[in-house]
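My notes are set out below as numbered points, to be read beside the coordinates.

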Amino acid sequence: MDGTVTIRLNGKAREVAADITVSGLLDELGLVPGMVVVERNREILARESYATVRLSEGDRLELVHFVGGG
Amino acid sequence: MSKQASADTPFVVGSREFASRLIVGTGKYPDNETMVRAIRASGTDMVTVAVRRVDLDRTREEGILHHLDPREFFLLANTAGCYTADDAIRYARLARAAGFNEWLKLEVIGDETTLLPDTRATLDAARVLVAEGFKVMAYTNEDLITALRLEDAGCVAVMPLASPIGSGLGLLNPYYVRAIKERCDVPIVVDAGVGTASDACLTMEQGVDGVLMNTAIAAARDPVRMAAAMREAVVAGRLAYLAGRMPVREVAVPSSPPLPE
């Protein structure tokens, strides 16, 4: 693995290892895959693809989950 | 309460039966433990949740599923905070991707001050989401025509407000809510504006199928106790509706037989 890439994660720039997978990122963030939904460049990713989808420079990632609401 | 006294048609929405006619929101509680206790005390089996960005700056995990068991309560995701049909559709898809169900409380807000619904955007979003297989419970104002259009669009329930979200003003327009109930075939759930138990009771006395509330419980001094009050109020209002109230008269009518001459 060489170097890092910069992605936008929930609106903020973040450096991650080049070729990191979505699973790898969630792991790094301490998030349980079953508890979050991942949108990459405005497309919702299927949970089954987390382990295979690798992040690239400039990817925009949104991580959302359920919170309290009416 | 005897079984016979409580005999009623079941509360069915989109072919799913719910034990309680009360739907409860999960926002604004003083803490998560109080929220869970209040929701249990309310007797509800359906709770609303919102979809938001994970707060990555927090070390504490604040996702609601760490506190609420989705096997204990049916989760109804909302699109609260959305101001356009496109946003509502996007959040609906995100909610469904969480993998629990395809149900949705569709809410498209039209104005920041009153939080009143944008009914046209709501209708636009409803049509798209119904076509995508969502079971849409649509939050709207107490306008009959919009309610009929939402029903036509394929919503599984229409949810007119009692009064603005979080206002606690109670049921401002019982006449219009009754008109909606009389004309729509889908379940009518009054959503937003209930402030206290008598509001919930009065709302159910109009003959609507259910009530959805959040702030009335969450912002009470004792949310757990208010949740229990709401449970009773919804049952009482429903029973009173089924029982059929006595006519109102502007003259006194004695309850006891007259004395002999």
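The points below begin with the basis of the model, go on to the contact between the chains, and end with single residues and charged pairs.

1. Basis. This is a predicted model, in which local features need pLDDT of at least 70 and side-chain atom pairs count only at pLDDT 80 or more, whereas totals for chains, interfaces and linings use all residues. Residues are numbered from 1 along each chain as its sequence is written, chains are lettered from A and ligands numbered from 1 in the order in which they are written, and side-chain values use heavy atoms, with hydrogens and water left out.

2. Extent of the interface. Chain B contributes 31 residues to the contact and chain A contributes 22 residues, where contact means heavy atoms within 4.5 Å. The buried area between the two chains is about 2400 Å², and carbon and sulfur atoms give 61% of it; buried area here is the accessible area (1.4 Å probe) that two parts lose on being put together, summed over both. Of the area that chain B buries against chain A, R53(B), L56(B) and R90(B) supply 26%, more than any other three residues.

3. On the side of chain B that touches chain A, the elements giving two or more residues are β4 (46-53), β5 (74-78) and α2 (85-97) of chain B, with β4(B) giving the most, six residues. Helices (H or I, at least four residues) and strands (E, at least two) are DSSP runs, numbered from the N terminus. Three salt bridges are also counted between chain B and chain A, a salt bridge being a side-chain nitrogen of Lys or Arg within 4 Å of a carboxyl oxygen of Asp or Glu.

4. The pair R90(B) and E39(A). One salt bridge is formed by the side chains of R90(B) and E39(A), at 2.6 Å from N to O. R90(B) lies in helix α2 of chain B and E39(A) in strand β3 (residues 37-40) of chain A, so the pair joins two chains. Is R90(B) buried or exposed? R90(B) is buried, with a relative accessible area of 15%, and E39(A) is buried as well, at 3%; buried means under 20% relative accessible area, exposed over 50%, and partly exposed in between (1.4 Å probe, protein chains only).

5. Strand pairing. Strand β5 (residues 60-68) of chain A pairs with β4(B) in the antiparallel sense over five bridges, two strands being paired if DSSP finds at least two bridges between them. Within this pairing, V64(A) has R53(B) as its bridge partner. In chain A, β1 (residues 4-9) is joined to β5(A) by two bridges, and these strands run parallel, with L9(A) opposite L61(A). β1(A) also pairs in the antiparallel sense with strand β2 (residues 12-17) of chain A, over six bridges. β1(A) and β2(A) form a hairpin with two residues between them, and N10(A) in the turn has a positive phi of about 45°.

6. E107(B) is placed in the loop between β6 (103-106) and α3 (119-131) of chain B, and counts as buried at 5% relative accessibility. Its side chain is joined to that of K105(B) by a polar contact of 3.3 Å. Leaving aside neighbours within four places in sequence, the residues in contact with E107(B) include G70(A), A80(B) and Y139(B). A80(B) is in the loop between β5 and α2 of chain B and is buried, with a relative accessible area of 16%.

7. Other charged pairs. By the salt-bridge rule the count over all chains comes to 18. E132(B) forms a salt bridge with R93(B), with the closest N and O atoms 2.5 Å apart. This pair links distant parts of the chain, 39 residues apart, with E132(B) in the loop between α3 and β7 (135-140) of chain B and R93(B) in helix α2 of chain B. E132(B) counts as partly exposed at 26% relative accessibility, and R93(B) as partly exposed at 36%. D8(B), R21(B) and R238(B) are linked in a network of salt bridges.

How values were computed: Polar contact = N/O pair within 3.5 Å; in protein donor to acceptor, adjacent residues only side chain to side chain.
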